[in-house]
Amino acid sequence: MAEIESHDYDVIVIGAGGAGLRAAIEARSRGLRTAVLCKSLFGKAHTVMAEGGIAAAMGNVNSGDNWQVHFRDTMRGGKFLNNWRMAELHATEAPQRVWELETYGALFDRTTDGRISQRNFGGHEYPRLAHVGDRTGLELIRTLQQQVVSLQQSDHAEHGDYEAGLRVFAEFTVTDLLLDGDRIAGTLGYWRENGRFVRLRAPAVVLATGGIGKSFKVTSNSWEYTGDGHALALRAGARLINMEFVQFHPTGMVWPPSVKGILVTESVRGDGGVLRDASGRRFMFDYIPEVFKESYADSPEEADRWYSDPDDNRRPPELLPRDEVARAINNEVKEGRGTPHGGVYLDVASRLSTEEIMRRLPSMHHQFKELADVDITSERMEVGPTCHYVMGGVEVDPDTAASSVPGLFAAGEVAGGMHGSNRLGGNSLSDLLVFGRRAGAGAAEYVAAARHASPDVSEEVVTEAVNSALAPFEVTDARGQENPYSLQAELQQVMNRLVGIIRDGGEMCAALEQLAEIKQRAARLAVPEGNRHFNPGWHLALDLRNMLAVSECVAAAALRRTESRGGHTRDDHPGMNPKWRGTLLGCELRDGSIEITEHEQPPMREDLLRLFSLEELGKYFTEEELAVVRTPS
Amino acid sequence: MGYRARLRVWRGDADSGELRDYEVDAEEGEVVLDLLHRLQATQCPDLAVRWNCKAGKCGSCSAEVNGRPRLTCMTRLSLFDTDETITVTPMRAFPVIKDLVCDVSYNYVKAREVPAFSPPEGLEPGEYRMQQRDVERSQEFRKCIECFLCQDTCHVIRDHSENKEAFSGPRFLMRVAELEMHPLDSHAEKGGDRPEEARGDHGLGLCNITKCCTEVCPEHIKITDNALIPLKERLADQRYDPLTMLFRRKRS
């Protein structure tokens, strides 16, 4: 094989969203030569689509807020399946990470006394989300992008080279992690523009590739969300956890068909919007689950008073965690009370003045006006659940973001544990920053400790990986060829229909069978036309391998968990079972197939347990687990 | 209400290319990007087109539709008659890579030439205080999704690539304005001069405020009125103030 382009780095970050960029900034700031590899252009990552805000207990709007309250909300949202140490680190460090963005030049909306304004969101007890209108993700990505540029400018001043310490490889797809024994030795990838392969050597790799939503038909996720990092980690020998938990955001657009799934921000409800059935009835009061009865209003009157007097009234049920609201909408539609296009109404027009709507929700106004001919200042929106986020991901050490593979780190959506069985809105952007930074630091420390070693792989390994990525060009017999676009559409149908928001054992067995069949056919995926020069058909053929591996994990883990919790709802096992709370399902790749394993959750530290009332804990934990707090400390 | 839409798409690479005609199914409520995707899935699997969010938030799917710079994900088919041919071509101001994908690296080069936000001395993270009305001006410019349609349409570079060296384009002149209006930027305290840099390093003088950039901005940012003109005025105050001019002449 001809010599291929090759580079040496200390740390490689895969993904240029919030987690990837924050990790890269951290690694570079600690003096490490860092590469960022991203599938799209720089600045287009999925983070840009986040709308509502960044959750951080700064207490700017309600001084009652602090990290303990945020921690409690996060654990409740995840139905106590969360990795408690991650939830603790997240709640304590989020404010610092947000303030730091201001030193990079971010401009958040302000309170009257000039501090960062914070808004209400589902599952958060106090107004907690730092925001910029409803385009917070854009502000986050641009701020981090500009901080990367700022560091590159310092490098240019010092070394005469912008890319001396930190280089972004844009429109670059990683096909393989390279391993020296069981340790990370770098990555293999290719330039999307010309299909040329590039080998990058580095002792540490940070996965920050986001989620898997493109495996579902109705999704708020972009083409990039094909589970690349999840699949790379599996193939490198790491374990994924919590893959059965997929979040369906309650409010995606449902009409017209071409925009079905596009996100409608939770801020609409945070700022006063309410959900109504076809007859105009506010139905969420019928869906307050037992575990949340104490904190949610049971009448519209009390709910409406809460906006002006949150201390003496309970919260509106529209602000329940996302899994609850999504199931409620699903049920309304199923029982025939939905809108003509199979959704429910989200009404902000009758709740806020036109000026307020234009100021707080400008991009929602724009989106509905341009894509659906709906003026949200005078008309109701039609909304329904859409696949939005995967709680599952690479199992990592909470403090360093290290996976079980030496040299492999993961942060953001591709990492698992932090959000348990269901993520609260606003906790994603803060997750990216807190654990992006920790992953960058973790990788830097790992590299420093392993300074003497320079892991590498043989030419044969690289050649084999290149050949495997080029395989779709070799399938030339037209009769057996599979078209990547059709196969992707089939996969999305299977996942949407059989492993969607409401699940059932029989359906998931069927899903696994169909996935196995698709997987077999995927061996004959062909590039129908064209060469390696910017060829989306080839790109998709490669992405599909990852989508298939990840879909199998979701379906197999979902079949194994015989209870309903957070983002995993089973018709045949409707209740939550405390025994399952203490169990995590792991996915590992063994001889080419996915194996599901059960693991015990580490018991929560006593001082953190004591942040909750015994009564509340009793709804989630077994008696044995609570023995430690039954006695006064 | 499905129908067969007529689509004319530029196919080719840096060396050669041509407009090709296609017919593709169209459904109610669809946008031009939907047609391009269907074309990919059914007729041209190797058609190169950039896209990400399909909701007007990421600025990836920029192209020219019937000659007008647009986001294809926000261009509704209802804008056209059902028997009208919709012509989609790559952005003209940038070199083509393949089909509708062009080389936009010029923009990333220019982005690196604008000195970054300079944090104020003596303020720790968490101590920043700014009033909403003071941040709003820069916030308008930070709505920019970097679709580069303003760059594409700007006549200074659209048909004059020789000007690219000296001219950073509306997007990055607006970035200078954004930093100049940032309440806590300390670039000037550290010896910088953003309006002067806009003139000297980014070619502000080449802009003759025809407002084409503002017209094509999918975020409806008033680039000319709110960013470029104020920057020019600031520069005029500094540079062409009769007293300062006198001092400057005396010194030299």
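Biologist: How far apart do the C-alpha centres of domain 1 of chain B and domain 2 of chain B lie?

Modeller: Domain bounds come from an automatic or database domain assignment. For chain B that assignment gives domain 1 (3-102) and domain 2 (105-251), and their C-alpha centres lie 32 Å apart. This is a predicted model, in which local features need pLDDT of at least 70 and side-chain atom pairs count only at pLDDT 80 or more, while totals for chains, interfaces and linings use all residues. Residues are numbered from 1 along each chain as its sequence is written, and chains are lettered from A and ligands numbered from 1 in the order in which they are written.

Biologist: How many residues does the contact take from domain 1 of chain B and from domain 2 of chain B?

Modeller: Two residues are in contact if their C-beta atoms, placed from the backbone, lie within 7 Å. Domain 1 of chain B gives twelve residues to the contact and domain 2 of chain B gives 13. For classes, Ala, Val, Leu, Ile, Met, Phe, Trp, Tyr, Cys and Pro count as nonpolar, Asp, Glu, Lys and Arg as charged, and the others, Gly among them, as polar. On the side of domain 1 of chain B that touches domain 2 of chain B, seven residues are nonpolar, three polar and two charged.

Biologist: How many residues of chain B are in contact with chain A, and which elements supply them?

Modeller: There are 49 residues of chain B in contact with 49 residues of chain A. Helices (H or I, at least four residues) and strands (E, at least two) are DSSP runs, numbered from the N terminus. Helix H1 (32-42), strand S6 (96-98), helix H2 (105-112) and helix H3 (132-142) of chain B each supply at least two residues of the side that touches chain A. The largest share, five residues, comes from H3(B). By class, this side of chain B has 24 nonpolar, eleven polar and 14 charged residues.

Biologist: At what angle do H3(B) and H6(B) pack?

Modeller: Axes are lines fitted to C-alpha atoms, for helices over the stretch in contact, and angles run from 0 to 180 degrees between N-to-C directions. Angles under 35 degrees count as roughly parallel, over 145 as roughly antiparallel, 65 to 115 as roughly perpendicular and the rest as oblique. H3(B) and helix H6 (residues 169-181) of chain B pack at about 155 degrees, with their axes 8 Å apart. H3(B) is therefore roughly antiparallel to H6(B).

Biologist: Is the crossing of H3(B) and H6(B) left-handed or right-handed?

Modeller: A crossing is left-handed if the near helix is turned anticlockwise from the far one by less than a right angle, and right-handed if clockwise. H3(B) passes H6(B) in a left-handed crossing. Arg137(B), Ser138(B), Phe141(B) and Arg142(B) of H3(B) meet Met174(B), Ala177(B), Glu178(B) and Met181(B) of H6(B). That contact has four nonpolar, one polar and three charged residues.

Biologist: Which residues of H3(A) and H11(A) make their contact?

Modeller: Helix H3 (residues 84-103) and helix H11 (residues 427-449) of chain A pack at about 95 degrees, with axes 9 Å apart. H3(A) and H11(A) are therefore roughly perpendicular to each other. H3(A) contributes Leu89(A), His90(A), Glu93(A), Ala94(A) and Arg97(A), and H11(A) contributes Ser430(A), Asp431(A), Leu433(A), Val434(A) and Arg437(A). By class, the contact has four nonpolar, two polar and four charged residues.

Biologist: How do the axes of H2(A) and H3(A) cross?

Modeller: The axes of helix H2 (residues 67-77) of chain A and H3(A) come within 8 Å and cross at roughly 140 degrees. H2(A) and H3(A) are therefore oblique to each other, and their crossing is right-handed.

Biologist: Which peptide bond is cis, and which residue has a positive phi?

Modeller: Most residues other than glycine have a negative phi, and most peptide bonds are trans. A cis peptide bond joins Trp255(A) and Pro256(A), with omega about -5 degrees. Pro256(A) is in the loop between strand S13 (246-253) and helix H6 (267-270) of chain A. Asp591(A), a residue other than glycine, has a positive phi near 50 degrees. Asp591(A) lies in the loop between strand S20 (583-590) and strand S21 (593-600) of chain A.
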